[in-house]
Each structure stands twice: as C-alpha cells, then as structure tokens.
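Dear colleague,

Please find the structure below, handed over for your use.

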Amino acid sequence: MTARLILQLAALLGALGVGIGAFGAHGLRAMLEATGRFDTFETAVRYQFYHTLSLLAVGVLLYVRPELRLLGTTAGLWLGGILIFSGSLYVLCFTGIKWLGAVTPLGGLLFIAGWITLLLAARQL
C-alpha cells in the first residue's frame, strides 16, 4: 500500500467516522438505546477513529521513509480491522444479527497484527 493511498483512506475513514458517529449520536440514539446497542456503537466508532488516526500517522511516516515497506502491511491490517471490527459492530447495531459478534474478534486480531508489524517496521528506523 502506498503512502498516498493510506492517506486517502485515512481521510475517507475519518470523514465516515464523523458522519457515522454524528448520525448514531443524534439521529439513531433513541433506537440504539432502546436496543441496548448504544455502547456497542460507540465502541465501533471509537476503534474506527483510533485506527484512522493511526493510519494517518503511518501514511505520513511511509511518505517520509518509503523504504519502510512493512508500514503498507500495517495499514492493510488496520484497514481490515476497521472493516471487520467496526463494520461488524455497525451491522450488529442496525440489524441485530447476533452471529456477527463472533466475527468482531477477527478484526481485533487484525488490529493487533498491525501494531506488531508497526513494531517490526520501527526496528528499521
């Protein structure tokens, strides 16, 4: 993954995070609270933002240090984590499909793997 693509994805995911978070907090709050899913929704948004900001930092670092190619892997793992972790929680909140709760930890594992690849890339600094 290139620095340019990572930065573009971070911008898109950041915009989506703000939009989804605001929509959930204002437009869907009553529904999310009635179903007991408001905390789940907040967790999804929070982890999306943590890793979106991390993507931004990795994109900048890869731009400055393009030889740290492992950062592209880090970004890919975090992107997958956002899609699977946050995505499954969003779908769970809006549909009530409970088996998605079994998928969510796979996204968490991708987040962890991304942090490990960042550790390995940092050893090259």
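In which helix is Ser86 found? Ser86 is found in helix 4; helices here are DSSP runs of H or I with at least four residues, numbered from the N terminus.

Before going further, please note that this is a predicted model, in which local features need pLDDT of at least 70 and side-chain atom pairs count only at pLDDT 80 or more, while totals for chains, interfaces and linings use all residues. Residues are numbered from 1 along each chain as its sequence is written, and side-chain values use heavy atoms, with hydrogens and water left out.

Ser86 has a relative accessibility of 0% and therefore counts as buried (under 20% relative accessible area, with a 1.4 Å probe and protein chains only). Not counting residues up to four places away in sequence, Ser86 touches Ala44, Tyr47, Gln48 and Gly81; contact means heavy atoms within 4.5 Å.

Helix 4 (residues 70–95) packs with helix 3 (residues 38–64) at an angle of about 165°, their axes being 9 Å apart. Axes are lines fitted to C-alpha atoms over the stretch in contact, and angles run from 0 to 180 degrees between N-to-C directions. Helix 3 and helix 4 are therefore roughly antiparallel (angles over 145 degrees). By class, their contact has 18 nonpolar, 9 polar and no charged residues. Here Ala, Val, Leu, Ile, Met, Phe, Trp, Tyr, Cys and Pro count as nonpolar, Asp, Glu, Lys and Arg as charged, and the others, Gly among them, as polar.

Helix 1 (residues 3–27) also meets helix 4: the axes come within 12 Å and cross at roughly 20°. That makes helix 1 roughly parallel to helix 4 (angles under 35 degrees). Helix 1 contributes Ile6, Leu9, Leu13 and Ile20 to the contact, and among the residues from helix 4 are Leu71, Gly72 and Ala75. The residues of this contact divide into 9 nonpolar, 1 polar and no charged.

The largest nonpolar core has 27 residues, and Ile6, Leu32, Phe41, Leu55, Val58 and Leu71 have the most contacts inside it. Such a core is a set of buried Ala, Val, Leu, Ile, Met, Phe, Trp, Tyr and Cys residues joined through side-chain atoms within 4.5 Å. Helix 1, helix 3, helix 4 and helix 5 (104–122) each supply at least two residues of this core, and helix 4 gives the most, with 10 residues. Leaving aside neighbours within four places in sequence, Ile6 is in contact with residues including Met1, Leu55, Val58 and Leu71.

With kind regards

Definitions and conventions. Angles under 35 degrees count as roughly parallel, over 145 as roughly antiparallel, 65 to 115 as roughly perpendicular and the rest as oblique. Buried means under 20% relative accessible area, exposed over 50%, partly exposed in between (1.4 Å probe, protein chains only).
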